[in-house]
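Open the model in your viewer and keep the selection tool at hand. The stops below are meant to be visited in order.

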Amino acid sequence: MNSTIDRFDTSRFEASRNRLASLAYRLLGSANDAEDAVQDTFLHWQAADRQRIKVPEAWLTKVATNLCLDRLRSAQARRERTAGAWLPEPLLDGDPMLGPADTFEQRESVSLAVLTLMERLSPHERAAYVLREAFTYSHAEIAEILDITESASQQHLHRARQRITAARRGGGEVDPAAARRIVEEFLAAASSGRTERLVALLTDNATAISDGAGLTEKLLQYDTPQRIAAIARAGFKSTPAKQRLAGGISAVHYALVNGAPAILFVPDGKVVGAVTFDITGGKIATVRGIAAPTRLVRLTEAWRQHGPDTPLISEW
C-alpha cells in the first residue's frame, strides 16, 4: 500500500480516536486501560485489509468494544475488581475522554457513580448500556457489534438499566452553584472539626469510600453520617506528616470531576488527592476519596493545563 493511502487510512482512524477513547473509558473505568485499548484497535486497523472495510467507524467501534470486553473478562481484571480495591479513574471536566456529553444520559453514563455501578453488570450488559445510553446506537447496531441478536441486545439493556436504577442513590442533575456551596460548607466544617455541621450536610444513608491512597488491598468504606464526619475531621486536618506524604504544602481547589463537584489537593501542580461528592436533595449522599498515584496521572496532566483559580485553602 502506498504512503498516500496509508496516511489517508491513518487520518480516518485519528478522526475516531476521541470517540473510541470515550467508549473504552466508559467500558473500563480507567483512562490508562482505555488508551491501551485504543492503541490495540489501531494495530488491528493497520493489520486489516482496509479497502474491504465499508464503514470504518462501525468497524472500529466493534473492534474497540470487543477488545474492552476481552479485558473485562480477563483473569487479571477479575482479580483486581473483585478484590474490592477498585474505583473508577477520575477525570477533570473538559477531558475529551468524557465526551459525548450533550444529554443527561450521556453525562450520567460517565459519572463515577454509574461507572462504579456498572461493575455489577456482565460485560455484555455493560456494553449494551454504554452503546445505547452514551452513543445512541440502535439495537440492530449493538447486535452487530456484540455478535448477538437484537432481542438479546434489548434484554441486556433492560437488565442493565434495572440494576443501575435500583442501586443509584441520586436523582437528576444538581445546580452547580448549590453543589459548590455544599462542598465548600463540607470542607469548612471538616477543617474546623464541626461534627454536627458535617452530619447535617450528609443524607441519613450517606456512604464514604476511599482507596486508602493505594496503600490498602481493599477499599475503606464508612456507612453512617457520624462515622463519615469523624473520618472527614481526621482526614481534612492538615499535619506535617500528611504534608510530607503529599510532597509539600497543598493548595485545596474546587473542581468538577466526571461532572460531579470535587476537592483537589495540589502541591506544586501535582494532584495528590481527589475527593468527589454525589449530591441529592441538597445533601451529600456519597463521598469518594481517590489518592492512589496511578489513578491521578491523567487528572494531573489536565490540571496543569487548567487555568489558575483561587484555591479554597491556599496552604493545607
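Helices (H or I, at least four residues) and strands (E, at least two) are DSSP runs, numbered from the N terminus. This is a predicted model, where local features need pLDDT of at least 70, side-chain atom pairs count only at pLDDT 80 or more, and totals for chains, interfaces and linings use all residues. Residues are numbered from 1 along each chain as its sequence is written, and side-chain values use heavy atoms, with hydrogens and water left out.

Colour the chain by pLDDT, the predictor's confidence in each residue, from 0 to 100. The chain has a mean pLDDT of 92. Where pLDDT is low, the predicted coordinates should not be read in detail.

Next, select Arg-73 and Asp-70. They form a salt bridge (a side-chain nitrogen of Lys or Arg within 4 Å of a carboxyl oxygen of Asp or Glu), with the closest N and O atoms 3.5 Å apart. Both residues lie in helix α3, three residues apart, about one turn of the helix.

Now select Arg-71 and Asp-40, whose closest N and O atoms are 3.1 Å apart in another salt bridge. This pair links distant parts of the chain: Arg-71 is in helix α3 (residues 56-73) and Asp-40 in helix α2 (residues 31-47), 31 residues apart.

Finally, select Arg-298 and Asp-95, which meet in a salt bridge at 2.7 Å, N to O. Arg-298 lies in helix α14 (residues 297-304) and Asp-95 in the loop between α4 and α5 (104-108), so the pair ties together parts 203 residues apart in sequence.
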